[in-house]
Amino acid sequence: MLRQIAIFAENTKGAMQKVTQVLDDAEVNIISLVTNDSAEYGIVRMIVDKTDVAVDAFKRAGYLCRTDVVIGAYVEDTNGGLNKLLKALRTSNVNVDYIYTSFDRNVGKPIIILHAGSLSAVENSIRSKGFTVADM
């Protein structure tokens, strides 16, 4: 399983650059990132190479920050790769809260980051269906 950072950032001009500047100053590399916005604030979710360093840097910079555990599952880089994973989850009766994608340069495959209710059950389910779970 992976540790994901979630922060709240203002939905204003230059806000994302300020977020990435915090990470740059702390010498933290972004592995995967997704944003969801609303009128005033956005949620920025990310996987980074040094989670604890990033969390400390965000808190010092005044960001509301938390960590969650998520699962990263490798899929084939072909048509239908994501669909096969989602089909496996559906047949296991798993409800996915959210997903986003990344690419693991070391493995050379897409990685699907997902959050769901019972992560250990999800992990067991996808492993039993032949998927590899990431532990970056």
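Q: Buried or exposed, what is E27?
A: E27 is exposed, with a relative accessible area of 62%, where exposed means over 50%, buried under 20% and partly exposed in between (1.4 Å probe, protein chains only).

Q: What should I know about the model and the numbering?
A: The model is predicted, so local features need pLDDT of at least 70 and side-chain atom pairs count only at pLDDT 80 or more, while totals for chains, interfaces and linings use all residues. Residues are numbered from 1 along each chain as its sequence is written, and side-chain values use heavy atoms, with hydrogens and water left out.

Q: Where does E27 sit, and what is its phi?
A: E27 is in the loop between helix 1 (15-25) and strand 2 (30-37), these being DSSP runs numbered from the N terminus (helices H or I, at least four residues; strands E, at least two). E27 has a positive phi of about 60°, although it is not a glycine.

Q: And what about N93?
A: N93, also not a glycine, has a positive phi of about 60°; it lies in the loop between helix 3 (81-91) and strand 5 (96-104) and is exposed at 73% relative accessible area.

Q: Switching topic, how many residues has the largest nonpolar core?
A: It has 17 residues, a core being a set of buried Ala, Val, Leu, Ile, Met, Phe, Trp, Tyr and Cys residues joined through side-chain atoms within 4.5 Å. Among those with the most contacts inside it are I5, I7 and F58, contact meaning heavy atoms within 4.5 Å.

Q: Which element gives the most to it?
A: Helix 2 does, with 4 residues.
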